[in-house]
Protein chains: 2
Amino acid sequence: MRTPSELTQLFREQGLKVTPQREAVFRALGGSVDHPTAESVHAAVTAEMPNVSLRTVYQVLNDLAGMGEIHALELGTGAARFDPNVDTHHHLVCTVCGKVRDVYVDPVAVPVSALGFTVDSAEVVFRGRCDDCAPVLH
Amino acid sequence: MRTPSELTQLFREQGLKVTPQREAVFRALGGSVDHPTAESVHAAVTAEMPNVSLRTVYQVLNDLAGMGEIHALELGTGAARFDPNVDTHHHLVCTVCGKVRDVYVDPVAVPVSALGFTVDSAEVVFRGRCDDCAPVLH
DNA sequence: ACTCTACCGACAATGATTGTTGATTGACAA
DNA sequence: TTGTCAATCAACAATCATTGTCGGTAGAGT
């Protein structure tokens, strides 16, 4: 994801207004190392600016995803996760606490048996237990 | 997934009754090459045996998944897909029509940066367009 | 034949997300 | 500075997949 000020530029170019609510979402995403859900982005935003509706947060997140500035991840953890890191990378998902970490993997070769299928993207999801949850035996 | 008759054995060993409804689900899954949703399993079942409730189909699918006889796939296509193929393999997901195909990939190496994370499984999802949908431009 | 699980139908409830509506605000261009 | 229109609000309904519940019935397995 670009910087908040670059996004400001981009939004204006698209004919979209740069509102404080949108800027707050930009900032919340920029300062996120985890992979927040819409709910947690909303929580971060309302911490500084109450009265921002969850509806609006969803709107902005969808706008950003539509522009390719962030990625929406469906990791089977219930809610969608939003990832400001759009470089090619993959994910570690803790099956206990649900935390998501970035991980870089050697490019995954498109398998021969994929003939007759045009591959646009490959995503690798590693499931397991993170540091905090590893000691917990099942 | 094992054969319907093996599953019959297994269910009895677990103290579970082998009902016609459960057998119908076994057969529906056994004869599926695609990756059906609960809804489509239900459709296949009710084709031969009306009055089987969707609720019951969900039950049986969850039982089978709990026993490791099938896998529940969360591929971001809305509904969960159920896969009777429990061999190590991965998936091609058509972003246009939603069809899912099996694909076999060389074992994905767990990346070094995954230290501090105990990996239990790795799943690779290739997204793109299948034969039927490839000609459709965007 | 008896018992207890499984099933039914019918419905409510969940949780994430999107739609709607009517009123208000405020960003930006003129 | 002002006018316009997009954006937002609150509040609510609706969606979709899935699970829970319940009273009543059927049938699988001993």
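How do the residues of the surface near DNA strand D divide into nonpolar, polar and charged? They comprise 8 nonpolar, 10 polar and 6 charged residues. Here Ala, Val, Leu, Ile, Met, Phe, Trp, Tyr, Cys and Pro count as nonpolar, Asp, Glu, Lys and Arg as charged, and the others, Gly among them, as polar. A residue is near a strand if its C-beta atom, placed from the backbone, lies within 6 Å of it.

The model is predicted; local features need pLDDT of at least 70, side-chain atom pairs count only at pLDDT 80 or more, and totals for chains, interfaces and linings use all residues. Residues are numbered from 1 along each chain as its sequence is written, while chains are lettered from A and ligands numbered from 1 in the order in which they are written.

DNA strand D is surrounded by 24 residues, and the closest are N51(A), V52(A), T56(A), V18(B) and A80(B). At least two residues of this surface come from each of helix 2 (20-30) of chain A, helix 4 (54-66) of chain A and helix 4 of chain B. Helices (H or I, at least four residues) and strands (E, at least two) are DSSP runs, numbered from the N terminus.

Chain A contains 4 helices and 5 strands, in the order α-α-α-α-β-β-β-β-β from the N terminus on. Of its 138 residues, 25% count as buried, that is, with 20 or more other C-beta atoms within 10 Å of their own, C-beta atoms being placed from the backbone. In chain B, the buried residues of helix 2 (residues 20-30) are R22(B), A24(B), V25(B), F26(B), A28(B) and L29(B). These pack against helix 1 (4-13), helix 3 (38-48), helix 4 (54-66) and strand 2 (81-83) of chain B.

Between the two chains, 29 residues of chain A are in contact with 29 residues of chain B, contact being defined by C-beta atoms, placed from the backbone, within 7 Å. Strand 5 of chain A gives the largest share of the chain A side, 14 residues. That strand pairs with strand 5 (residues 117-130) of chain B in the antiparallel sense over 13 bridges; pairing requires at least two bridges found by DSSP. G128(A), for example, has V119(B) as its bridge partner.

Chain A can be laid on chain B with an RMSD of 0.1 Å by a turn of 179° and a shift of 0.0 Å along the axis. This is the relation of a two-fold axis. The superposition is by least squares on the C-alpha atoms of residues with pLDDT of at least 70 in both copies. The copies meet through the same surface, because 100% of the interface residues of chain A are also interface residues in chain B.

Terms used:
A residue is buried if 20 or more other C-beta atoms lie within 10 Å of its own, exposed if 12 or fewer, and partly exposed in between; C-beta atoms are placed from the backbone.
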